[in-house]
Amino acid sequence: MSSPLTTSIDAPVATRPLAARGFWGRALRHRSFVLGGALSLLVVVSALLSLVWTPWSPYEIDIASKLRPPSSAHWLGTDSFGRDIVSLLLAGARSTILVGIIAVSIGLSFGVCLGLMASAKRGWTEEIIMRFSDFTFAFPAVLSAIMLAAVAGPGMVTSIIAIGIFQIPTLTRLTRGSANAIWAREFVLAARASGKGAFRITIEHVLPNILSILIVQATIQFALAILAEAALSYLGLGTQPPQPSWGRMLNDAQTMLFQSPMLAVYPGAAIAIAVLGLNLLGDGLRDLLDPRLARER
Amino acid sequence: MADPASLIEVDNLGVRLNTSRGPAQAVRGVSFALKRGETLGLVGESGCGKSVTALSLMGLLPESAVVTGSVKLDGNELARLPDADYCKLRGNRISMIFQEPMTALNPMHTIGHQVAEPLRRHKRYSAAQARKEVIALLDRVGLPDPAKRIDAYPHQFSGGQRQRVTIAMALACEPDLLIADEPTTALDVTIQGQILDLIADLVEERGMSMILISHDLGVIAENVQRMMVMYGGTVVESGPTDEVFRRMGHPYTQGLFRARPKLGARKGTRLTTISGTVPELADLPVGCAFADRCPLAIDQCRAAMPPMIKVGAGHVVRCTRTDVSMAANVGALSA
């Protein structure tokens with residue numbers, strides 16, 4: 001019988017046992033974590049780079065040199081206003097990340113608090129919080145952004161708030177679900193038996209135990225926020241001109257789709273890379289932060 | 001205080017739980033009193049109400065549970081006490097040791113942190129004070145090299161060592177009452193004895209009262225002064241341990257006694273069992289809960305709950321047929 005046990009004995013012995021290698025040792029051997037990390041880092045570096053340097057100004061309009069093909073001066077060519085595509089992509093990463101970080105922070109801070117509260121209080125509090133989050137969940141980000149834009153006017157802040165609100169119910173549900181599982185564990189009963197109240201148990205026992213789940217979900221929510229930001233900017237509800245954004249670039253490219261289709265491909269690819277990178281990173285983190293999965297790898 | 005000798009007085013305790021099968025009367029009419037320094041054993045099969053009784057003393061039942069009757073600690077009523085007030089008692093005056101040392105400790109915190117918790121909470125110790133005390137406690141419960149291991153995490157300990165840690169945690173504030181819910185069930189047989197001896201020593205040394213819950217008659221026989229046998233949420237027999245083991249009155253107690261595996265039995269000998277299963281707590285019969293499994297049951301048993309009948313000094317049995325059941329003289333463990 002060729003059991004997995006035999007194969008593992010025959011297999012060459014690793015230089016060091018897995019546990020001894022630590023988090024980074026394991027992380028660097030995890031393919032999707034490394035790839036996801038590299039792609040996400042690429043986006044972050046682009047955004048940071050655009051703060052100090054872009055090949056051309058992303059705001060400078062030069063109609064004379066519009067729709068140029070890639071050349072040594074403009075590496076990816078220019079758009080219909082003669083703006084340099086590379087510069088626009090670099091600067092667009094900035095608004096993408098800004099919107100993502102702030103929106104996910106809004107979602108996390110409200111969602112986690114509400115979820116923890118629902119799980120600690122149970123009963124009516126839980127019912128009200130969960131029904132309210134169902135209610136919010138029923139509105140797509142685009143719809144709430146349109147409503148918000150109608151009240152406050154379109155812009156980056158509006159889209160950040162709309163995306164942030166859209167993130168809350170998902171995170172509330174996730175937090176409450178995983179927190180309920182922790183509340184049912186015996187060490188929580190033991191903690192209660194030693195006289196701890198619900199608040200202390202939530203902070204000391206529940207939150208640390210669900211943190212890895214939240215970190216993973218946050219990366220995935222970040223990817224969703226990027227998509228939502230692109231969608232809102234494409235609709236003209238998000239980032240406003242002349243502020244560059246990938247969604248706006250797609251919007252501008254739409255009218256030129258038959259003359260220069262590549263104008264739509266570049267921002268599309270940038271969005272895809274960012275989303276793919278964050279999803280892979282989230283997958284990798286999920287594996288790495290789960291000690292059971294780590295041992296099997 | 002009405003009776004200064006009585007530390008805890010439970011009177012006609014009833015607990016109704018909401019289960020998926022509807023309301024279940026998990027505990028019915030349980031009464032007992034425990035003096036300071038006295039030890040009491042609770043025996044019974046799973047689902048007979050032992051743990052629910054213990055949790056109701058701790059005030060740790062689910063919100064939906066309905067508690068009736070009274071639980072008094074030093075004459076103060078505990079039943080229906082607000083949770084904030086209960087928090088001051090738990091881990092301070094009443095402590096509990098759980099069955100599964102593998103899960104009763106939080107994997108994210110060091111054992112030192114977890115044992116220090118009740119000290120810092122209830123006694124307002126500083127971090128340094130608590131650390132000193134924790135090392136002393138861990139040393140007392142027999143954890144090797146406590147000064148070094150205080151900063152280790154639960155997964156770095158064996159099951160027996162972890163149970164020692166939970167004992168240290170329960171004893172940190174020198175409680176008046178210790179509730180041990182199957183403290184050795186999850187441990188190796190070789191460790192069981194050590195842990196029980198440790199608990200017994202600590203109980204004697206600190207003059208605590210203890211309620212020991214177990215399904216193992218052997219554990220009860222050796223560790224407590226008085227015992228109560230529970231079945232279907234009620235106490236069916238109670239009395240001094242020696243007395244109960246000498247003359248078991250209830251057919252259920254006798255069944256439990258006969259069902260224990262015996263050393264030296266011939267190979268191939270079948271273990272004796274009690275036929276039938278425990279009744280659903282959601283639909284308990286009107287009469288004696290054990291009637292359907294009882295070899296001696298008569299119509300009268302099914303008609304109404306039998307009263308407690310006194311059969312010896314402090315020894316009571318909830319059975320109408322003690323004349324028949326006790327004629328057989330099951331028990332005689334002392335022989």
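# Close-up views of a predicted two-chain model

**Figure 1. The hairpin of strand 1 and strand 2 in chain B.** In this predicted model, strand 1 (residues 6–19) and strand 2 (residues 22–35) of chain B are paired antiparallel through ten bridges. The two strands make a hairpin, with two residues lying between strand 1 and strand 2 of chain B. Within this pairing, B:Val10 has B:Phe32 of strand 2 of chain B opposite to it.

**Figure 2. The eight-stranded sheet of chain B.** A mixed open sheet in chain B is formed by eight strands, which follow one another in the order 6-7-8-3-9-10-12-11. Its edges are taken by strand 6 (94–97) and strand 11 (309–312) of chain B, and because each of these has a single partner strand, one side of each is left without a neighbour in the sheet. On average, and with direction ignored, neighbouring strands of this sheet are turned by 20° against each other.

Figure 3. Which strands does helix 1 (residues 50–58) of chain B lie across? They are strand 3 (39–43), strand 6, strand 7 (177–181), strand 8 (209–214) and strand 9 (226–231) of chain B, and the helix runs at about 150° to strand 7 of chain B. Helix 6 (residues 159–171) of chain B lies across strand 6 and strand 7 of chain B, and its angle to strand 6 of chain B is about 175°.

**Figure 4. The contact between chain A and chain B.** The contact between the two chains involves 15 residues of chain A and 23 residues of chain B. On the side of chain A that touches chain B, the elements giving two or more residues are helix 8 (186–193) and helix 9 (198–234) of chain A, and helix 8 of chain A gives the most, with six residues. By residue type, this side of chain A divides into five nonpolar, six polar and four charged residues.

**Figure 5. Helix 8 of chain A and its surroundings.** Helix 8 of chain A is mostly covered, six of its eight residues being buried; these are A:Phe187, A:Val188, A:Ala190, A:Ala191, A:Arg192 and A:Ala193. Which elements do the buried residues of helix 8 of chain A pack against? Within chain A they pack against helix 7 (156–183) and helix 9, and in chain B against helix 1, strand 6 and helix 6. Just after helix 8 of chain A, A:Gly195 adopts a positive phi of about 100°.

**Figure 6. The helical chain A and its annotated region.** Chain A contains twelve helices and zero strands, and its C-alpha trace spans about 75 × 60 × 35 Å along its principal axes. Of its 297 residues, 41% count as buried. An unreviewed UniProt entry lists residues 93–282 of chain A under "domain: ABC transmembrane type-1"; over these residues the chain is 84% helix and 0% strand, and the end C-alpha atoms lie 19 Å apart.

**Figure 7. The overall form of chain B.** The secondary structure of chain B amounts to twelve helices and twelve strands. Its radius of gyration is 21 Å, close to the 20 Å given by the globule rule for 335 residues, so chain B is as compact as a globular protein of that length. The C-alpha trace of chain B spans about 65 × 50 × 40 Å along its principal axes, and buried residues make up 44% of the 335 residues. Among contacts in chain B between residues at least 6 apart in sequence, 65% join residues at least 24 apart.

Methods: Residues are numbered from 1 along each chain as its sequence is written. Chains are lettered from A and ligands numbered from 1 in the order in which they are written. This is a predicted model: local features need pLDDT of at least 70, side-chain atom pairs count only at pLDDT 80 or more; totals for chains, interfaces and linings use all residues. Two strands pair if DSSP finds at least two bridges between them. Helices (H or I, at least four residues) and strands (E, at least two) are DSSP runs, numbered from the N terminus. Axes are lines fitted to C-alpha atoms, for helices over the stretch in contact, and angles run from 0 to 180 degrees between N-to-C directions. Two residues are in contact if their C-beta atoms, placed from the backbone, lie within 7 Å. Ala, Val, Leu, Ile, Met, Phe, Trp, Tyr, Cys and Pro count as nonpolar, Asp, Glu, Lys and Arg as charged, and the others, Gly among them, as polar. The radius of gyration is taken over C-alpha atoms; the globule rule is 2.2 Å times the number of residues to the power 0.38. A residue is buried if 20 or more other C-beta atoms lie within 10 Å of its own, exposed if 12 or fewer, and partly exposed in between; C-beta atoms are placed from the backbone. UniProt positions are given in the numbering used here, feature names are shortened, and annotations may be inferred rather than shown by experiment.
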